[in-house]
There are 2 protein chains.
Amino acid sequence: MIDMMEQMVETHEKFRGRIIRVKEDVVILPNGKEARREIVEHPGGVGILVLDGQNRAALVKQYRYAFTRCLREIPAGKMEPGEEPEVTARRELREEVGVEAAQWASLGRMIPSPGCYGEMLHLYLARGLTPVGQQLDEDEFLQLEWVPFEILKQACLEGTVIDGKTVTAVLRAAGLLDL
Amino acid sequence: MIDMMEQMVETHEKFRGRIIRVKEDVVILPNGKEARREIVEHPGGVGILVLDGQNRAALVKQYRYAFTRCLREIPAGKMEPGEEPEVTARRELREEVGVEAAQWASLGRMIPSPGCYGEMLHLYLARGLTPVGQQLDEDEFLQLEWVPFEILKQACLEGTVIDGKTVTAVLRAAGLLDL
(Lines give C-alpha, C1' and ligand atoms only; values in the text may rest on other atoms or scores of the structure.)
Protein backbone atom coordinates (compact mmCIF):
# COMPACT_ATOMS: atom_id res chain seq x y z
CA MET A 1 0.00 0.00 0.00
CA ILE A 2 1.21 3.49 -0.81
CA ASP A 3 1.69 5.61 2.29
CA MET A 4 -0.79 8.43 1.76
CA MET A 5 -0.26 10.30 5.03
CA GLU A 6 0.17 14.07 5.03
CA GLN A 7 2.58 15.51 7.59
CA MET A 8 1.76 18.89 9.12
CA VAL A 9 4.63 21.39 9.00
CA GLU A 10 2.80 24.66 9.75
CA THR A 11 -0.55 25.48 11.34
CA HIS A 12 -2.23 28.88 11.32
CA GLU A 13 -5.40 29.67 13.21
CA LYS A 14 -7.69 31.83 11.07
CA PHE A 15 -10.86 32.01 13.14
CA ARG A 16 -11.96 30.85 16.55
CA GLY A 17 -15.71 30.97 17.05
CA ARG A 18 -18.00 29.53 19.67
CA ILE A 19 -18.60 26.37 17.64
CA ILE A 20 -15.93 26.09 14.98
CA ARG A 21 -12.22 26.83 14.73
CA VAL A 22 -10.70 27.42 11.30
CA LYS A 23 -7.07 26.82 10.46
CA GLU A 24 -4.92 26.81 7.38
CA ASP A 25 -2.13 24.28 7.60
CA VAL A 26 0.84 23.47 5.41
CA VAL A 27 1.41 19.75 4.91
CA ILE A 28 4.01 17.57 3.20
CA LEU A 29 2.44 15.27 0.62
CA PRO A 30 3.63 11.68 0.00
CA ASN A 31 5.63 12.98 -2.99
CA GLY A 32 7.53 15.42 -0.75
CA LYS A 33 5.77 18.52 -2.06
CA GLU A 34 3.97 21.05 0.11
CA ALA A 35 0.24 21.71 0.02
CA ARG A 36 -2.18 23.86 2.00
CA ARG A 37 -5.19 22.46 3.86
CA GLU A 38 -8.18 24.55 4.95
CA ILE A 39 -9.67 22.81 7.96
CA VAL A 40 -12.74 23.61 10.06
CA GLU A 41 -12.49 22.03 13.49
CA HIS A 42 -15.78 21.05 15.10
CA PRO A 43 -16.50 19.41 18.48
CA GLY A 44 -18.58 16.62 16.91
CA GLY A 45 -22.14 15.77 17.63
CA VAL A 46 -24.98 13.31 17.72
CA GLY A 47 -28.14 12.57 15.76
CA ILE A 48 -31.00 10.53 17.21
CA LEU A 49 -33.67 8.60 15.35
CA VAL A 50 -36.47 8.59 17.91
CA LEU A 51 -39.36 6.17 17.40
CA ASP A 52 -42.53 6.09 19.45
CA GLY A 53 -44.79 3.09 20.10
CA GLN A 54 -46.58 3.58 16.76
CA ASN A 55 -43.26 3.59 14.84
CA ARG A 56 -43.43 7.33 14.26
CA ALA A 57 -40.17 9.28 14.13
CA ALA A 58 -39.56 12.67 15.73
CA LEU A 59 -38.47 15.32 13.24
CA VAL A 60 -37.47 18.85 14.09
CA LYS A 61 -38.10 21.53 11.52
CA GLN A 62 -35.83 24.52 11.94
CA TYR A 63 -34.48 27.48 10.01
CA ARG A 64 -30.97 26.87 8.70
CA TYR A 65 -29.39 30.24 8.09
CA ALA A 66 -26.61 28.89 5.84
CA PHE A 67 -29.29 27.73 3.38
CA THR A 68 -31.90 30.48 4.06
CA ARG A 69 -34.59 27.82 4.45
CA CYS A 70 -36.13 25.42 6.92
CA LEU A 71 -34.99 21.81 6.99
CA ARG A 72 -36.50 18.73 8.58
CA GLU A 73 -33.95 16.76 10.58
CA ILE A 74 -33.76 14.17 13.29
CA PRO A 75 -33.01 15.64 16.75
CA ALA A 76 -29.31 16.43 17.03
CA GLY A 77 -26.76 18.47 18.86
CA LYS A 78 -23.12 19.23 19.49
CA MET A 79 -21.02 17.56 22.15
CA GLU A 80 -19.90 19.79 25.02
CA PRO A 81 -16.15 19.64 25.71
CA GLY A 82 -15.29 16.23 27.13
CA GLU A 83 -18.87 14.97 26.90
CA GLU A 84 -19.58 11.37 25.90
CA PRO A 85 -21.85 11.17 22.84
CA GLU A 86 -24.42 9.05 24.71
CA VAL A 87 -24.76 11.86 27.27
CA THR A 88 -25.21 14.44 24.51
CA ALA A 89 -27.85 12.26 22.89
CA ARG A 90 -29.89 11.90 26.10
CA ARG A 91 -29.67 15.64 26.75
CA GLU A 92 -30.74 16.62 23.23
CA LEU A 93 -33.60 14.13 23.33
CA ARG A 94 -34.93 15.70 26.53
CA GLU A 95 -34.43 19.27 25.31
CA GLU A 96 -35.66 19.03 21.72
CA VAL A 97 -38.27 16.28 21.94
CA GLY A 98 -39.17 16.27 25.63
CA VAL A 99 -38.79 12.53 26.12
CA GLU A 100 -36.47 10.03 27.76
CA ALA A 101 -35.79 6.71 26.06
CA ALA A 102 -35.36 3.32 27.72
CA GLN A 103 -33.88 1.57 24.69
CA TRP A 104 -30.82 2.87 22.90
CA ALA A 105 -28.96 1.33 19.97
CA SER A 106 -26.02 2.66 17.98
CA LEU A 107 -26.56 3.47 14.30
CA GLY A 108 -22.83 3.95 13.82
CA ARG A 109 -20.80 7.03 13.06
CA MET A 110 -20.91 9.37 10.09
CA ILE A 111 -18.47 11.95 8.77
CA PRO A 112 -20.57 14.62 7.04
CA SER A 113 -17.91 16.15 4.80
CA PRO A 114 -14.39 14.73 5.17
CA GLY A 115 -12.54 17.20 2.92
CA CYS A 116 -12.48 20.37 5.03
CA TYR A 117 -14.99 19.89 7.83
CA GLY A 118 -13.72 18.04 10.91
CA GLU A 119 -17.11 17.04 12.27
CA MET A 120 -17.85 13.44 13.31
CA LEU A 121 -21.40 12.43 14.19
CA HIS A 122 -22.57 9.57 16.40
CA LEU A 123 -25.99 8.25 15.41
CA TYR A 124 -28.49 6.50 17.66
CA LEU A 125 -31.87 4.84 17.63
CA ALA A 126 -33.96 5.63 20.71
CA ARG A 127 -37.17 3.80 21.64
CA GLY A 128 -39.24 3.10 24.73
CA LEU A 129 -40.16 6.75 25.30
CA THR A 130 -41.38 8.50 28.43
CA PRO A 131 -42.53 12.15 28.17
CA VAL A 132 -40.64 14.63 30.38
CA GLY A 133 -41.54 17.95 28.69
CA GLN A 134 -39.63 19.86 25.99
CA GLN A 135 -36.89 22.16 27.36
CA LEU A 136 -35.93 24.48 24.53
CA ASP A 137 -33.64 27.45 25.01
CA GLU A 138 -35.61 30.66 24.59
CA ASP A 139 -33.59 31.40 21.44
CA GLU A 140 -34.26 27.99 19.89
CA PHE A 141 -37.10 27.84 17.37
CA LEU A 142 -38.03 24.29 16.48
CA GLN A 143 -41.21 22.67 15.27
CA LEU A 144 -41.53 19.08 16.36
CA GLU A 145 -43.37 16.63 14.10
CA TRP A 146 -44.06 12.91 14.43
CA VAL A 147 -43.86 11.19 11.05
CA PRO A 148 -44.62 7.51 10.31
CA PHE A 149 -41.27 5.79 9.76
CA GLU A 150 -42.28 4.37 6.38
CA ILE A 151 -43.10 7.86 5.07
CA LEU A 152 -39.85 9.27 6.45
CA LYS A 153 -37.87 6.42 4.87
CA GLN A 154 -39.45 7.13 1.51
CA ALA A 155 -38.66 10.87 1.86
CA CYS A 156 -35.01 10.02 2.62
CA LEU A 157 -34.82 7.73 -0.42
CA GLU A 158 -36.47 10.20 -2.79
CA GLY A 159 -34.49 13.19 -1.55
CA THR A 160 -37.29 15.32 -0.12
CA VAL A 161 -35.44 14.90 3.18
CA ILE A 162 -31.86 15.95 2.38
CA ASP A 163 -30.11 16.35 5.73
CA GLY A 164 -27.21 13.89 5.68
CA LYS A 165 -27.44 12.64 9.28
CA THR A 166 -31.18 12.11 8.91
CA VAL A 167 -30.82 10.10 5.68
CA THR A 168 -27.98 8.06 7.15
CA ALA A 169 -29.74 7.23 10.43
CA VAL A 170 -33.09 6.43 8.79
CA LEU A 171 -31.73 4.27 5.98
CA ARG A 172 -29.32 2.43 8.30
CA ALA A 173 -32.18 1.71 10.69
CA ALA A 174 -34.39 0.56 7.80
CA GLY A 175 -31.70 -1.77 6.48
CA LEU A 176 -30.39 -3.13 9.78
CA LEU A 177 -33.62 -3.48 11.73
CA ASP A 178 -36.06 -4.15 8.94
CA LEU A 179 -38.25 -1.28 10.18
CA MET B 1 -46.94 28.05 11.05
CA ILE B 2 -44.52 30.11 13.12
CA ASP B 3 -42.22 32.23 10.96
CA MET B 4 -38.78 30.88 11.82
CA MET B 5 -36.70 33.01 9.46
CA GLU B 6 -33.56 34.75 10.69
CA GLN B 7 -32.80 38.15 9.23
CA MET B 8 -29.16 39.11 8.67
CA VAL B 9 -28.21 42.50 10.13
CA GLU B 10 -24.40 42.28 10.05
CA THR B 11 -21.93 40.10 8.15
CA HIS B 12 -18.21 39.84 8.89
CA GLU B 13 -15.79 37.90 6.73
CA LYS B 14 -13.34 36.00 8.94
CA PHE B 15 -11.42 33.88 6.44
CA ARG B 16 -11.30 33.54 2.69
CA GLY B 17 -9.49 30.43 1.50
CA ARG B 18 -9.27 28.68 -1.84
CA ILE B 19 -12.21 26.40 -1.03
CA ILE B 20 -14.12 27.84 1.90
CA ARG B 21 -15.10 31.32 3.10
CA VAL B 22 -15.91 31.82 6.77
CA LYS B 23 -18.16 34.56 8.08
CA GLU B 24 -19.68 35.51 11.38
CA ASP B 25 -23.07 37.14 10.95
CA VAL B 26 -25.47 38.82 13.33
CA VAL B 27 -29.10 37.84 12.78
CA ILE B 28 -32.46 38.82 14.23
CA LEU B 29 -34.34 35.84 15.61
CA PRO B 30 -38.13 35.42 15.33
CA ASN B 31 -38.43 36.74 18.93
CA GLY B 32 -36.65 39.97 17.96
CA LYS B 33 -33.41 39.10 19.77
CA GLU B 34 -30.00 39.09 18.16
CA ALA B 35 -27.84 36.00 17.69
CA ARG B 36 -24.52 35.24 16.03
CA ARG B 37 -24.10 32.67 13.28
CA GLU B 38 -20.77 31.09 12.31
CA ILE B 39 -21.07 30.06 8.68
CA VAL B 40 -18.65 28.28 6.36
CA GLU B 41 -19.47 28.98 2.73
CA HIS B 42 -18.61 26.21 0.28
CA PRO B 43 -19.09 26.03 -3.52
CA GLY B 44 -20.98 22.73 -3.32
CA GLY B 45 -20.07 19.50 -4.96
CA VAL B 46 -21.01 16.13 -6.35
CA GLY B 47 -20.70 12.48 -5.38
CA ILE B 48 -21.00 9.67 -7.91
CA LEU B 49 -21.94 6.05 -7.29
CA VAL B 50 -20.25 4.36 -10.25
CA LEU B 51 -21.27 0.79 -11.07
CA ASP B 52 -19.57 -1.42 -13.64
CA GLY B 53 -21.14 -4.28 -15.61
CA GLN B 54 -20.60 -6.71 -12.71
CA ASN B 55 -22.37 -4.37 -10.26
CA ARG B 56 -19.12 -3.36 -8.61
CA ALA B 57 -18.83 0.18 -7.25
CA ALA B 58 -15.76 2.43 -7.59
CA LEU B 59 -14.40 3.57 -4.25
CA VAL B 60 -11.52 5.97 -3.76
CA LYS B 61 -9.41 5.59 -0.68
CA GLN B 62 -7.65 8.79 0.30
CA TYR B 63 -5.99 10.45 3.27
CA ARG B 64 -8.27 12.94 5.00
CA TYR B 65 -6.10 15.36 6.91
CA ALA B 66 -8.93 16.64 9.14
CA PHE B 67 -9.29 13.11 10.55
CA THR B 68 -5.61 11.98 10.24
CA ARG B 69 -6.74 8.79 8.54
CA CYS B 70 -7.71 7.32 5.18
CA LEU B 71 -11.37 7.06 4.26
CA ARG B 72 -13.13 5.10 1.53
CA GLU B 73 -15.56 7.27 -0.42
CA ILE B 74 -17.39 7.34 -3.71
CA PRO B 75 -15.74 9.58 -6.32
CA ALA B 76 -16.55 13.21 -5.61
CA GLY B 77 -15.48 16.76 -6.21
CA LYS B 78 -16.24 20.44 -5.82
CA MET B 79 -18.08 22.51 -8.38
CA GLU B 80 -16.01 25.16 -10.16
CA PRO B 81 -17.61 28.64 -10.10
CA GLY B 82 -20.70 28.62 -12.32
CA GLU B 83 -20.33 24.93 -13.18
CA GLU B 84 -23.42 22.73 -13.48
CA PRO B 85 -23.21 19.70 -11.15
CA GLU B 86 -23.63 17.25 -14.05
CA VAL B 87 -20.51 18.73 -15.64
CA THR B 88 -18.57 18.42 -12.38
CA ALA B 89 -19.70 14.82 -12.07
CA ARG B 90 -18.52 13.86 -15.57
CA ARG B 91 -15.18 15.59 -14.99
CA GLU B 92 -14.56 13.92 -11.62
CA LEU B 93 -15.52 10.54 -13.05
CA ARG B 94 -12.92 10.90 -15.81
CA GLU B 95 -10.23 12.24 -13.48
CA GLU B 96 -10.63 9.97 -10.46
CA VAL B 97 -11.90 6.76 -12.02
CA GLY B 98 -10.80 7.08 -15.63
CA VAL B 99 -14.16 6.24 -17.15
CA GLU B 100 -17.04 7.89 -18.97
CA ALA B 101 -20.60 6.78 -18.27
CA ALA B 102 -23.44 6.45 -20.77
CA GLN B 103 -26.23 6.21 -18.20
CA TRP B 104 -26.73 8.84 -15.52
CA ALA B 105 -29.45 9.03 -12.89
CA SER B 106 -29.92 11.49 -10.05
CA LEU B 107 -29.71 10.18 -6.48
CA GLY B 108 -30.97 13.49 -5.15
CA ARG B 109 -29.26 16.15 -3.10
CA MET B 110 -27.73 15.99 0.36
CA ILE B 111 -26.76 18.68 2.87
CA PRO B 112 -23.84 17.24 4.87
CA SER B 113 -24.08 19.46 7.96
CA PRO B 114 -26.76 22.16 7.88
CA GLY B 115 -25.80 24.00 11.09
CA CYS B 116 -22.61 25.83 10.11
CA TYR B 117 -21.43 24.29 6.85
CA GLY B 118 -22.98 25.68 3.68
CA GLU B 119 -22.14 22.75 1.43
CA MET B 120 -24.81 21.15 -0.79
CA LEU B 121 -24.02 17.91 -2.62
CA HIS B 122 -25.61 16.52 -5.78
CA LEU B 123 -25.51 12.73 -5.94
CA TYR B 124 -25.55 10.59 -9.07
CA LEU B 125 -25.58 7.01 -10.21
CA ALA B 126 -23.38 6.38 -13.26
CA ARG B 127 -23.46 3.18 -15.31
CA GLY B 128 -22.57 2.03 -18.81
CA LEU B 129 -18.86 2.71 -18.41
CA THR B 130 -16.15 3.21 -21.04
CA PRO B 131 -12.50 3.42 -19.92
CA VAL B 132 -10.68 6.64 -20.85
CA GLY B 133 -7.71 6.53 -18.44
CA GLN B 134 -7.36 8.07 -14.96
CA GLN B 135 -6.20 11.72 -15.00
CA LEU B 136 -5.12 12.55 -11.45
CA ASP B 137 -3.37 15.76 -10.54
CA GLU B 138 0.22 15.05 -9.57
CA ASP B 139 -0.63 16.12 -6.01
CA GLU B 140 -3.66 13.85 -5.74
CA PHE B 141 -3.08 10.51 -4.01
CA LEU B 142 -6.01 8.16 -4.44
CA GLN B 143 -6.31 4.41 -4.43
CA LEU B 144 -9.14 3.16 -6.61
CA GLU B 145 -10.97 -0.02 -5.62
CA TRP B 146 -13.90 -1.86 -7.19
CA VAL B 147 -16.17 -3.32 -4.53
CA PRO B 148 -19.25 -5.54 -5.11
CA PHE B 149 -22.30 -3.36 -4.47
CA GLU B 150 -23.80 -5.79 -1.95
CA ILE B 151 -20.62 -5.67 0.18
CA LEU B 152 -20.49 -1.87 -0.03
CA LYS B 153 -24.14 -1.63 0.94
CA GLN B 154 -23.52 -3.79 3.99
CA ALA B 155 -20.50 -1.66 4.97
CA CYS B 156 -22.63 1.50 4.73
CA LEU B 157 -25.34 -0.07 6.89
CA GLU B 158 -22.93 -1.36 9.53
CA GLY B 159 -20.90 1.82 9.67
CA THR B 160 -17.53 0.54 8.43
CA VAL B 161 -18.05 3.05 5.60
CA ILE B 162 -18.79 6.33 7.38
CA ASP B 163 -18.53 9.03 4.73
CA GLY B 164 -21.94 10.71 4.59
CA LYS B 165 -22.24 11.15 0.81
CA THR B 166 -21.19 7.54 0.26
CA VAL B 167 -23.73 6.16 2.73
CA THR B 168 -26.47 8.39 1.29
CA ALA B 169 -25.80 7.54 -2.36
CA VAL B 170 -25.40 3.79 -1.73
CA LEU B 171 -28.44 3.37 0.49
CA ARG B 172 -30.63 5.55 -1.75
CA ALA B 173 -29.59 3.49 -4.76
CA ALA B 174 -30.21 0.26 -2.86
CA GLY B 175 -33.68 1.40 -1.80
CA LEU B 176 -34.79 3.06 -5.03
CA LEU B 177 -33.36 0.69 -7.60
CA ASP B 178 -33.46 -2.57 -5.69
CA LEU B 179 -29.75 -3.07 -6.41
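This is a short chat about the predicted model shown above.

Trainee: What should I know before I start clicking around?
Mentor: This is a predicted model, where local features need pLDDT of at least 70, side-chain atom pairs count only at pLDDT 80 or more, and totals for chains, interfaces and linings use all residues. Residues are numbered from 1 along each chain as its sequence is written, chains are lettered from A and ligands numbered from 1 in the order in which they are written, and side-chain values use heavy atoms, with hydrogens and water left out.

Trainee: OK. How are chain A and chain B related?
Mentor: A rotation of 180 degrees, with 0.0 Å of shift along its axis, superposes chain B on chain A at an RMSD of 0.0 Å.

Trainee: Which C-alpha of chain B is nearest the axis?
Mentor: That of Pro112(B), 2.4 Å from the axis. Both copies use the same surface: 100% of the contact residues of chain B recur in chain A. Contact means heavy atoms within 4.5 Å.

Trainee: Which salt bridge joins the two chains?
Mentor: Take Arg18(A) and Glu38(B), with their closest N and O atoms 3.6 Å apart. A salt bridge needs a side-chain nitrogen of Lys or Arg within 4 Å of a carboxyl oxygen of Asp or Glu. Arg18(A) lies in the loop between β1 and β2 (21–28) of chain A and Glu38(B) in strand β3 (residues 34–41) of chain B, so the pair joins two chains. Strands here are DSSP runs (E, at least two residues), helices are H or I runs of at least four, and both are numbered from the N terminus.

Trainee: Is Arg18(A) buried or exposed?
Mentor: Exposed, with a relative accessible area of 51%. Glu38(B) is buried, at 3%. Buried means under 20% relative accessible area, exposed over 50%, partly exposed in between (1.4 Å probe, protein chains only).

Trainee: How many salt bridges over all chains?
Mentor: The structure holds 36. One of them pairs Glu73(A) with Lys165(A), 2.8 Å from N to O. Glu73(A) sits in strand β6 (residues 69–73) and Lys165(A) in helix α3 (residues 164–177), 92 residues apart. Both are buried.

Trainee: Switching to Glu6(A). What does its side chain meet?
Mentor: The side chain of Glu6(A) makes a 2.9 Å polar contact with that of Arg37(A). That term means a pair of N or O atoms within 3.5 Å; within protein, one must be able to donate a hydrogen and the other to accept it, and residues adjacent in sequence count only if both atoms are side-chain atoms. Glu6(A) is buried, at 8% relative accessibility. Beyond its neighbours within four places in sequence, its contacts include Tyr63(B) and Tyr65(B).

Trainee: And strand β4 of chain A?
Mentor: Strand β4 (residues 45–50) is mostly covered, with six of its six residues buried. Six bridges join β4(A) to β9 (residues 121–131), running parallel. Three bridges join β4(A) to β7 (residues 76–78), running antiparallel. Strands pair if DSSP finds at least two bridges between them.

Trainee: Which residues touch the most others in the largest nonpolar core?
Mentor: Leu49(A), Leu152(A), Leu49(B) and Leu152(B), out of 46 residues. Such a core is a set of buried Ala, Val, Leu, Ile, Met, Phe, Trp, Tyr and Cys residues joined through side-chain atoms within 4.5 Å. Leu152(A) is in contact with residues including Leu49(A), Ala57(A) and Val170(A).

Technical notes: Least-squares fit on C-alpha atoms with pLDDT ≥ 70 in both.
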